[in-house]
Amino acid sequence: MSDKRIESVKKLFTSQSAKVETNRGEAYYETLFDQCRQRLDALRELPPVSNRIDFKNAIFDEGIDRRDFLKWASATTAMLMLPASFTPLVAEAAELMNRIPVVWIELQDCAGNSEALLRSDGPKIDEIILDIISLEFHETLMAASGHQAEKQLEDAIETFKGKYILFVEGSIPRGIDGYYGTIGAKAETFEEHLLRLANDAAAVVAVGSCATFGGVPAAAPNPTDAVGVMEMVHGKPIINIPACPANPSNMVGVILHYVLTGQIPELDSLLRPKFAFGYRIHDNCERRAHFDAGEFVEEWGDEGAKNNFCLYKMGCKGPMTFNNCSIIRYNEGVNWPVGVGRGCIGCSEPDFWDKYAYERPMANANIKAPTGGVEKTVDEFGLGLLTAAGIGIGIHAAGSAIFGKKSHVEEEA
Ligand code: SF4
Ligand code: SF4
């Protein structure tokens, strides 16, 4: 992300976090600061789960100096809706990301979220952090396959029982007793696989529209009877990071939040972190002034389109959609769908394919506003770190890496 982009992202998030800060009060943040300090001290005492990549070396190898890193930490602190005084803690938490084991599984999906993680050809800090996390199993990124891969997974869940964060990409097909999707030589169904791995996880993070709400596989007529993780997993903390694909910054934000606080972030009623999904696309859209002025694109390629007018009449669902992509954008902040002239299709909302992904205005679509109304914004939300469902300090006592990161695998390939 360019310096200019980091500054504008920071400005937008800071204005929101300042409001949250005012609501919470000084005592709240003092307690939280102490809590995070203790958490980081405890993590620092532990050896890394994977020590093959050193964070500081990795960022310096990429030509990122300390000043750039602190700028990123400052923008990320604002994104997490924390006061600026937390910036050194966030920077420290980034360095300690390798203390938390992560297991990533893919079910009924296109691997688009994994692809989003890897897309950068010039890794910046978010991408480097995703190299640093202790990714103990990821079938798309790992070099092993077949029985060897299965063994790595079994070793990881045994070694880090009750301590790993399980990332799930893809929906779960329930039709024909789950046999639309099986994995491994024993033909374990996706449903059985998910439930077994979720059972020993500290928390489950559903990544992308399919894992959260069923996504495209669940679109009518939903031939495989696909559902999202929260329909299947019960009794575990679940965090939903929807979007197609989920934004890597939000994935990093969730892990960073856990490293920093030992808790999952405060969630909305759809289990989405409020720090990322407490924003309505429409409220931070660069075309909003045209909406307010009644200046719309009426057909593709007209003068309105050439002048970047509002896309509402072409079917933009930004007024109904909660996500921060109009602020942080995609591909290192280069651009986002509305920025390139296509309307938002509401990919971070449930049933988006059936309800939102067609190009006609909401006014013609017989769709009601989300619960709470479309004007309910982050002003009324705010992070409730101390009251968020705690998932404990799920840190490991010891353990060695079962396999290396993307770059390590590439080295071996
Ligand atoms: S383009 Fe979409 S999100 Fe942007 S102002 Fe228009 S309706 Fe709202
Ligand atoms: S603009 Fe809308 S459809 Fe596009 S990524 Fe963001 S939420 Fe999804």
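Author: Buried means under 20% relative accessible area, exposed over 50%, and partly exposed in between, with a 1.4 Å probe and protein chains only. This is a predicted model, in which local features need pLDDT of at least 70 and side-chain atom pairs count only at pLDDT 80 or more, while totals for chains, interfaces and linings use all residues. Residues are numbered from 1 along each chain as its sequence is written, chains are lettered from A and ligands numbered from 1 in the order in which they are written, and side-chain values use heavy atoms, with hydrogens and water left out.

Reader: Is Asp292 buried or exposed?

Author: Asp292 forms a salt bridge (a side-chain nitrogen of Lys or Arg within 4 Å of a carboxyl oxygen of Asp or Glu) with Arg288, the closest N and O atoms being 3.0 Å apart. Asp292 has a relative accessible area of 53%, so the residue is exposed.

Reader: In which helix do Arg288 and Asp292 lie?

Author: Helices (H or I, at least four residues) and strands (E, at least two) are DSSP runs, numbered from the N terminus. Arg288 and Asp292 are four residues apart, about one turn of the helix, and both belong to residues 288-292, helix H14.

Reader: How many residues apart are Glu298 and Lys313?

Author: Glu298 and Lys313 form a salt bridge, with 3.3 Å between the closest N and O atoms. The pair links distant parts of the chain: Glu298 is in the loop between H14 and helix H15 (303-306), Lys313 is in the loop between H15 and helix H16 (325-328), and the separation is 15 residues.

Reader: What relative accessibility does Arg272 have?

Author: Arg272 meets Asp268 in a salt bridge at 2.8 Å, N to O. Asp268 has a relative accessible area of 15% and is therefore buried. Arg272 also counts as buried, because its relative accessibility is 4%.

Reader: How many salt bridges does the structure hold?

Author: Side chains of opposite charge can pair when their charged atoms come close. Arg37, Asp41, Arg44 and Glu92 are linked in a network of such bridges. For the structure, the number of salt bridges is 17.

Reader: How many of the nine residues of helix H5 are buried?

Author: The buried residues of H5 include Leu89, Val90 and Glu92. Helix H5 (residues 87-95) is largely enclosed by the rest of the structure, because the number of its nine residues that are buried is eight.

Reader: Which residues come nearest to ligand 1?

Author: By class, the shell around ligand 1 has nine nonpolar, two polar and two charged residues. Of the 13 residues around ligand 1, the nearest are His282, Cys285, Cys310, Leu311 and Cys316.

How values were computed
Near = heavy atom within 4 Å. Nonpolar A, V, L, I, M, F, W, Y, C, P; charged D, E, K, R; others polar.
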